[in-house]
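Take a look at the model below. This report covers how its parts meet.

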Amino acid sequence: MEDKDFLLFIKKVKDYTSIDLSQYKEAQMKRRLTTLRMKKGYTTFASFFEAMTKDKELFYEFLDRMTINVSEFWRNPNRWEVLEQKFLPDTLRKSRKVKCWSAACSTGEEPYTLAMILAELNAQDSVVLATDIDEGALEKAKKAVYSDRSVRDVPAKYLQKYYRQENLTYLIADSLKKSIRFQKQNLLVDTFDTGFDLIVCRNVMIYFTEEAKHLLYQKFANALKPGGILFVGSTEQIFSPAQYGLESAETFFYRKTEV
Ligand SMILES: C[S@@+](CC[C@H](N)C(=O)[O-])C[C@H]1O[C@@H](n2cnc3c(N)ncnc32)[C@H](O)[C@@H]1O
């Protein structure tokens, strides 16, 4: 009975928003949404859905609960160092204009980290596309105002050069803001642009089912240029990357095989 209620909720959400919850790991998603439903006082997912269609605030709370926007600048700093010292300089030797994509970018910490590194490498003409399913997160990303917690791993020279501190908040320099194109995108539904030198997609695949992950890795591989790099999260190693035409290039970095 309870499962039927949740399954019907999944179907209604898909029709209403085109967000397909069945492609997210069920136990995790169900636990998070059940907690929210109960907190709001609804005994079934059917009544919760009805309320959500009438109450915008509740709908946004549902979105917040399912998306999990946690992010930080320089998350796993030594991986960003590898990107800064190895992969981006290698790419820049071939072309000064690098085409990058930060997929599931949340509130912007990741694309701004990337844009800072590109600026430091004198590759400001490069393109950084940053996408997420959550419009609220993208709005915050465009405003680019952050707490001291999210900058704790930023190297001192970057903190000095690319941020302005106002009390406990950190604001991103305007020059960086201009270098990023933020766009709403659902990875599980929308088509991907192609020809990327670098795709950064971290800490979102963990929420998806094995089937959804498999399709996404193939789509990411197709979106890369030959020799292009896919940078994944630190719990997201790809099992048998060769099946997607990728090879391991360093821990958490995969290169599209050149033909
Ligand atoms: C934990 S955050 C990761 C943020 C950043 N990549 C990082 O590693 O710090 C996960 C993000 O994935 C986004 N997301 C979840 N499902 C998505 C989907 N189907 N398409 C695009 N983004 C999605 C969420 O909105 C959220 O901002």
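Domain 1 and domain 2 bury about 1,000 Å² between them. Carbon and sulfur atoms account for 54% of that area. Keep in mind that this is a predicted model. The size of an interface is often given as the accessible area lost when the parts come together.

## The domain layout

The protein is divided into two domains. Domain 1 covers residues 2-67, and domain 2 covers residues 77-256. Their centres, taken over C-alpha atoms, are separated by 29 Å. Eleven residues from domain 1 take part in the contact, and eleven residues from domain 2 do too.

## Helices α3 and α4

Helix α3 spans residues 45-54, and helix α4 spans residues 56-67. Their axes come within 5 Å. They cross at roughly 120°. The crossing in which α3 passes α4 is left-handed.

Which residues meet here? From α3 come F48, A51, M52 and K54. From α4 come K56, L58, F59 and F62. Sorted by class, this contact of α3 with α4 has six nonpolar residues and two charged ones. It has no polar residues.

## Helices α5 and α6

Helix α5 runs over residues 77-94, and helix α6 over residues 109-120. The two pack at an angle of about 40°, and their axes lie 11 Å apart.

Is the crossing of α5 and α6 left-handed or right-handed? α5 passes α6 in a right-handed crossing. On the α5 side, W80, L83, E84 and L88 make the contact. On the α6 side, the residues are E110, T113, L114, I117 and L118. In this contact of α5 with α6, six residues are nonpolar, one is polar and two are charged.

Notes: Residues numbered from 1 in each chain as written. Predicted model: local features only at pLDDT ≥ 70, side-chain atom pairs only at ≥ 80, totals over all residues. Heavy atoms only, no water. Axes fitted to C-alpha atoms, helices over the stretch in contact; angles between N-to-C directions. Helix = DSSP H or I, 4+ residues; strand = E, 2+ residues; numbered from the N terminus. Left-handed = near helix turned anticlockwise from the far one by under 90°. Contact = heavy atoms within 4.5 Å. Nonpolar A, V, L, I, M, F, W, Y, C, P; charged D, E, K, R; others polar. Domains from an automatic or database assignment. Buried area = accessible area lost by both parts, 1.4 Å probe.
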